[in-house]
Each structure stands twice: as C-alpha cells, then as structure tokens.
Amino acid sequence: MPELPEVETIVRGLRDRVIDKKIINTELRYDKLFRDCSGKILDQESRDKFIKTIENKRITDLRRRGKYILFQLEDINIIVHLRMTGKFSSDEDVLNDKHTHLVFWFEDGTFLLYNDIRKFGTFQTALCSEDILKTSMSKLGPEPLGEDFTLEYLTAELKNTKKNIKAFLLTQEKIAGIGNIYADEVLFFAKVSPKRPGNQLSDKEIKSIHQGVIEKLRMGIEAGGASIRNYVNESGEKGNFQNLIKVYGKKGEKCQECETTFITETVAGRTSTWCPNCQK
DNA sequence: ACTGATCCCTGCCAGC
DNA sequence: TGCTGGCAGGGATCAG
C-alpha cells in the first residue's frame with residue numbers, strides 16, 4: 001500500500017517521464033475514476049468536459065503532498081490518491097490489462113497509464129486554484145520530512161489529545177503520509193504501545209516518536225518503498241523496505257530484540273502488531 | 001473531542 | 001473442483 005515513501009518513489013521516477021509531455025488523448029475506461037474537488041464522482045457530462053479541457057495541455061509539474069500526487073497541467077490540476085493498489089505504468093504489456101482504467105496518450109507517442117486492481121484510487125479534478133483549497137489534500141498536516149514537522153509541533157499536538165498514538169499517527173490532518181506499515185514501525189522504534197493516549201506520553205517518548213517518523217520514512221524512501229502485497233514503482237520494480245520491517249504484519253512472530261511473541265490487535269480500526277515487552 | 005461502523009472493490013485463502 | 005464467506009486496507013463520512 002503506497003504510503004509516503006512509496007508515493008515519493010513513484011513521483012521521483014515519473015517526473016522525467018511525463019513533465020513537458022503534451023496530452024493528445026485521454027482514454028478513460030472506468031466511469032467512477034474522476035471526482036470533483038469535494039470527492040464526488042463526476043457525471044458523464046462533467047467527465048467528457050474535463051477530458052476535453054485537458055486535451056492538448058502539457059504536464060507542467062508533478063509533485064507529492066502526503067500520499068497525494070499532484071499533476072499540474074498548465075492551469076489545471078489533477079490530484080491523485082493511489083489508496084491501496086493504484087499504480088502508474090508505461091508498460092505496453094499492461095495497456096490491455098483488465099485493471100487499467102485510464103491512459104494518457106502523449107504527443108510524442110508515449111503514454112502513461114493508471115492501473116488499480118481494487119479501484120479505490122481517485123483522480124480529483126481541480127480546474128482552478130480555489131478548487132485545490134476544497135480538496136482534502138489541502139487539509140493535510142505538515143510533511144514529516146519537512147521543516148514544519150518539529151519536535152515542538154509534535155509535542156504540542158500530542159499533549160493536547162487523548163487519542164491513542166496509533167490513531168494520531170494515521171491522522172493525515174496532523175501528519176501527512178503515514179499509513180499502517182510505517183505507523184507500526186515507528187512505534188516499535190520508539191518503544192511505545194499503539195494504545196497509549198497522546199497526552200500520557202513522556203517527553204522522551206515523544207522525542208523517540210519524532211525521530212522514528214523521520215528515520216523510518218527516510219529509510220523507506222532510500223529502500224524505494226515497501227513491496228508488501230503488490231506494490232511496484234512506476235517502472236514495475238519492487239522496493240526493499242519490506243526486508244527492513246521489524247514488526248508490521250509479523251503476527252505470531254517473535255520480537256528480534258527480546259524474543260517475546262508479538263501481539264496483533266485492531267487499534268484505531270487498523271490491524272496493529274507490537275511487542276508487549278519492548279513497547280510500553 | 002473522539003470512537004466505531006460503513007462504504008468503496010477485488011484477490012486471496014480457509015473451510016466445506 | 002468449486003463454491004462461499006470473511007478479511008484486508010486508506011480515508012471520507014456519519015452516527016453516537
């Protein structure tokens with residue numbers, strides 16, 4: 001599942017491939033893919049209109065914000081969220097795959113396709129900059145690898161919440177880009193149980209969580225993401241972070257630090273795995 | 001302020 | 001073998 005490091009890997013790989021390319025045709029095969037800025041599925045008329053609007057536009061920029069990918073097409077924006085299984089590819093073998101839902105054809109004969117087995121991914125259209133402000137992307141909290149994610153910020157937010165730390169880490173409005181894998185890994189790193197309320201964490205624990213967020217996400221990017229299930233980057237390559245995972249998904253396995261058997265339970269509505277001995 | 005359920009969707013796996 | 005049911009998962013949304 002693409003989280004910040006996976007999305008970052010994809011965007012880095014895609015930039016050279018699509019920036020400055022002019023779209024001459026948009027082949028949409030799944031009616032529910034496009035949404036408006038509030039997330040509502042576009043009806044046929046709006047869809048057709050939008051596709052017409054981006055015809056002959058150039059992709060002028062491609063950026064990541066949290067887990068979102070922002071395509072800038074001159075004056076128009078498309079905000080993509082890959083959710084669980086969304087992928088971009090330029091592989092001809094995938095063109096006719098039954099899960100390929102969109103193909104952008106470029107002037108130079110190349111193409112970019114979007115493939116998504118579970119169809120959870122979304123393409124939000126933002127026709128003007130005011131539209132962007134209405135999307136959930138603009139409600140995101142600080143980038144965890146940016147300068148706004150300071151220890152002071154994290155401390156203030158955590159002291160002020162009764163929410164358990166796992167739920168907090170997954171709240172995109174507080175920190176952008178963390179999902180279930182990196183949340184579990186960060187908490188193992190920080191030796192904190194996912195169930196601990198934010199306002200009961202010590203300064204030392206908050207510092208470890210802060211450090212863990214930065215360290216684990218950096219490791220994830222460096223490894224080219226985590227290929228759990230079927231994540232591959234824009235070139236169809238797997239990442240390596242799955243080999244560096246210490247706790248996520250290791251139900252019934254033993255902690256490599258202390259040999260205690262991990263606990264797996266639903267916390268914050270997500271399957272969570274942790275070491276009851278190391279993580280207090 | 002926060003929790004929990006529901007929805008979207010398909011692949012996969014266990015059980016019969 | 002082939003069916004069925006349950007589960008996984010991000011995030012929006014809504015009820016409590």
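Chain A has 7 helices and 11 strands in its secondary structure. Keep in mind that this is a predicted model.

Start with overall form. Chain A has 280 residues, and a compact globule of that length would have a radius of gyration near 19 Å. Chain A comes to 20 Å, so it agrees with the globule value. Along the principal axes, its C-alpha trace spans about 60 × 40 × 30 Å. How much of chain A is buried? The figure is 52% of the 280 residues. Now the contacts. Take those between residues at least 6 apart in sequence: 63% of them join residues at least 24 apart.

Next, the aromatic rings. How many aromatic pairs does a search of the whole structure find? The search gives 9. Take F34 and F50. Their rings form a tilted pair, with 5.4 Å centre to centre and 55° between the planes. F34 sits in strand β2, residues 34–35, and F50 sits in helix α2, residues 44–54. The two are 16 residues apart in sequence, so the pair ties those parts together.

F34 has another partner, F123. This pair is edge-to-face, with 5.8 Å centre to centre and 90° between the planes. F34 is in strand β2 and F123 is in strand β9, residues 122–126. That is a link between distant parts of the chain, 89 residues apart. F123 has a relative accessible area of 0%, so it counts as buried. Now step back. Ring pairs join F34, F50, F71, F88, Y114 and F123 into a cluster.

On to helix α6, residues 180–190. Of its 11 residues, 10 are buried, so the rest of the structure largely encloses this helix. Which residues of α6 are buried? They are N180, I181, Y182, A183, D184, E185, V186, L187, F188 and A190. Note that D184 and E185 are on that list. What do the buried residues of α6 pack against? Their partners are helices α1 (4–18), α5 (165–170) and α7 (203–222), plus strand β11. After α6 comes K191, which has a positive phi, near 60°.

Now the DNA. DNA strand C is surrounded by 17 residues. The closest are K67, M84, R118, R270 and T271. By class, the residues of the surface near DNA strand C divide into 5 nonpolar, 6 polar and 6 charged.

R118 reaches a base: an N or O atom in its side chain is 3.0 Å from a base nitrogen of DNA strand C. T271 has a polar side-chain atom 2.8 Å from a phosphate oxygen of DNA strand C. For Y248, a polar side-chain atom lies 3.2 Å from a phosphate oxygen of DNA strand C.

First, D131. It is in helix α3, residues 129–134. Is D131 buried or exposed? Its relative accessibility is 10%, and the cut-off for buried is under 20%, so D131 counts as buried. Setting aside neighbours within four places in sequence, D131 contacts C37 and A126.

Then N277. Its place is in the segment after β11, the strand at 270–274. N277 has a relative accessible area of 38%, so it is partly exposed. Which residues does N277 contact, beyond neighbours within four places in sequence? They are C258 and T260. F262 is 15 residues from N277 along the chain, and their C-alpha atoms are 8.8 Å apart.

To recap. F34 pairs with F50, and F34 also pairs with F123. Helix α6 has 10 of its 11 residues buried. At DNA strand C, R118 is placed by a base nitrogen, while Y248 and T271 each have a polar side-chain atom by a phosphate oxygen.

Terms used: Residues are numbered from 1 along each chain as its sequence is written. Chains are lettered from A and ligands numbered from 1 in the order in which they are written. This is a predicted model: local features need pLDDT of at least 70, side-chain atom pairs count only at pLDDT 80 or more; totals for chains, interfaces and linings use all residues. Side-chain values use heavy atoms; hydrogens and water are left out. Rings of Phe, Tyr and Trp (its six-membered ring) pair if their centres lie within 6.5 Å; planes under 30 degrees apart count as stacked, over 60 as edge-to-face and the rest as tilted. Helices (H or I, at least four residues) and strands (E, at least two) are DSSP runs, numbered from the N terminus. Buried means under 20% relative accessible area, exposed over 50%, partly exposed in between (1.4 Å probe, protein chains only). A residue is near a molecule or strand if one of its heavy atoms lies within 4 Å of it. A polar contact is a pair of N or O atoms within 3.5 Å; within protein, one must be able to donate a hydrogen and the other to accept it, and residues adjacent in sequence count only if both atoms are side-chain atoms. Ala, Val, Leu, Ile, Met, Phe, Trp, Tyr, Cys and Pro count as nonpolar, Asp, Glu, Lys and Arg as charged, and the others, Gly among them, as polar. The radius of gyration is taken over C-alpha atoms; the globule rule is 2.2 Å times the number of residues to the power 0.38. Contact means heavy atoms within 4.5 Å.
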